[in-house]
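Take a first look at the chain shown here.

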Amino acid sequence: MNDTYFVTGALGCIGAWVVKHLVERGDRPVVFDLGGDPRRIRDVLGENGLAKVQFVAGDITDLDATKRAVAACKPRAIVHLAGLQVPFCRQDPALGARVNVLGTIHVFEAALAAGVRRIAYASSAAVFGPSEDDGTAVAESTQLAPVTHYGVYKQANEGTARIYWLEKKLASVGLRPLTVYGVGRDQGLTSGPTTAMKAAVLGRPFHIGFSGPTDFHYVADTAAAFVACADGGPEGALLYNLHGDTVDVADVVRTIEAECPTALGRITIGGPRIPIPPLLDGRAFARDYPQVPHTSLTAGIRDTIARFRKLYAQGGLDVRDLPAK
């Protein structure tokens, strides 16, 4: 397609896969980030692919810098993924608000100033409150009652997007994933299952700190969803749940053990359930974006383990998310 896309938060897990998706189809991602280690992009794209990515150092809490960066690259659309995750927002709520809420406003303002007419941004299933595990799928219209600062900030961003559409006709799509897994997922509340896959490849024990069912979404599919929403679709301030496979964490461990028999009995589970409904109704997204793939949990775990094995064989497997031996 040979289009330019402005991507915030591309040094994170979903962002790295968005960059991979764009590069592999011939587009130019312009990565706007504070700077730092592009290892996640390298892990999924390789050195040759990494060389095709343009990096612009900047901070989304700086409105002028964000405006300049967007104006300079004249993107077709913006994929906005920058944000602090649950533990970091809990540790420093004021910083979390500056990055997650004020930073999102700055991205919308920069889009308006540069004439960009579409933003795909990361909301989260964390906007929902706890629910009874009765097998009911949670729809987009379900009442929001977040129980973390992170969830509150994501709810605020959804409101921000709605106002920018009502007042400025700036179209946006907010996506609400829950438990994203895959290479690069090494931070945040729900990163444990992915780290367990890495530990299994290394033959090391690991403890997943939450239990029960949750809605798992393979990161390659998540990235494809963000790019599809940036490309087009219904006009307005749209919101969609992303549904993958709702299974118990114990079933994930059994699948890991099937792929890595040496991990049998070495991955343990404990802790409370995630305070978010475990089954998201993703029918609206599937209806409006039928081209986005759905990778089964078994296939996604198999692919993730294969990628970890390849990185390990190349001497490039990052283990900082694993406990010290």
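## A buried loop residue

A residue counts as buried when its relative accessible area is under 20%. Over 50%, a residue is exposed, and anything in between is partly exposed. Keep in mind that this is a predicted model.

Now apply the cut-off to L178. Is L178 buried or exposed? Its relative accessibility is 10%, so L178 counts as buried. Yet L178 sits in a loop, the one between β6 and β7.

Which residues does L178 touch, leaving out those up to four places away in sequence? They are A125, T190, T214, D215, I276, P277, P278 and L280. Take T214 from that list. T214 and L178 are 36 residues apart along the chain, but 7.6 Å separates their C-alpha atoms.

## The nonpolar cores

In soluble globular proteins, nonpolar side chains tend to be buried together. Here, the largest nonpolar core has 82 residues. The members that touch the most other members are V18, L175, F226, I256 and F285. Which helix gives the most to this core? Helix α8, residues 219-231, does, with 9 residues.

Neighbours within four places aside, F226 is in contact with I14, V18, V79, L81, A120, Y121, A122 and L175. Another core lies apart from the largest one. This other core has 20 residues, including A82, F108, A161 and Y164.

## Helix α1

How many residues of α1 are buried? The count is 10 of 12, so α1 is mostly covered. The buried ones are C13, I14, G15, A16, W17, V18, V19, K20, L22 and V23. Two of these, I14 and V18, are contacts of F226.

After α1 comes G26, with a positive phi near 95 degrees.

## Helix α7

Helix α7 covers residues 192-202 and is also mostly covered, with 10 of its 11 residues buried. Those buried residues are G192, P193, T194, T195, A196, M197, K198, A199, A200 and V201.

What do the buried residues of α7 pack against? Their partners include the strands β7 (179-181), β8 (206-208), β9 (213-218) and β12 (267-269). The helices α9 (249-259) and α11 (297-313) are partners as well. G203 follows α7 and has a positive phi, near 70 degrees.

## The largest pocket

Rolling a probe the size of a water molecule over the atoms shows where empty space is left. The largest pocket holds about 1,200 Å³ of space. Its lining has 50 residues, and L81, G83, L84, Q85 and Q187 lie nearest its centre. Among them, L81 is also a contact of F226.

Several elements give two or more residues to this lining: α1 (13-24), β2 (28-33), α2 (39-50), α4 (86-91), α5 (93-114) and α6 (149-168). Which of them gives the most? It is α1, with 3 residues. By type, the lining of the largest pocket divides into 27 nonpolar, 15 polar and 8 charged residues.

## The cavity

How many cavities of 30 Å³ or more does the structure hold? It holds 1. The largest cavity has a volume of about 70 Å³.

The cavity is lined by R39, D43, G182, V183, G184, R185, D186, T194, K198, F308, L317 and D318. The lining of the cavity divides into 3 nonpolar, 3 polar and 6 charged residues. T194 and K198 in this lining are also among the buried residues of α7.

## Two lysines with positive phi

K74 is not a glycine, but its phi is positive, at about 50 degrees. Where is K74 found? It lies in the loop between α3 (63-73) and β4 (77-80). With a relative accessible area of 68%, K74 is exposed.

K169 is not a glycine either, and it has a positive phi of about 60 degrees. K169 is in the loop between α6 and β6 (171-176). Its relative accessible area is 46%, so K169 is partly exposed.

Key:
Residues are numbered from 1 along each chain as its sequence is written. This is a predicted model: local features need pLDDT of at least 70, side-chain atom pairs count only at pLDDT 80 or more; totals for chains, interfaces and linings use all residues. Side-chain values use heavy atoms; hydrogens and water are left out. A nonpolar core is a set of buried Ala, Val, Leu, Ile, Met, Phe, Trp, Tyr and Cys residues joined through side-chain atoms within 4.5 Å. Buried means under 20% relative accessible area, exposed over 50%, partly exposed in between (1.4 Å probe, protein chains only). Helices (H or I, at least four residues) and strands (E, at least two) are DSSP runs, numbered from the N terminus. Contact means heavy atoms within 4.5 Å. On a 1 Å grid over the protein atoms alone, a cavity is a set of points where a 1.4 Å probe fits but cannot get out, and a pocket is an open set with protein on both sides within 12 Å along at least five of seven lines; lining residues have an atom within 4 Å of a point. Grid points are joined across faces, edges and corners, and a volume is the space filled by probe spheres set on the points. Ala, Val, Leu, Ile, Met, Phe, Trp, Tyr, Cys and Pro count as nonpolar, Asp, Glu, Lys and Arg as charged, and the others, Gly among them, as polar.
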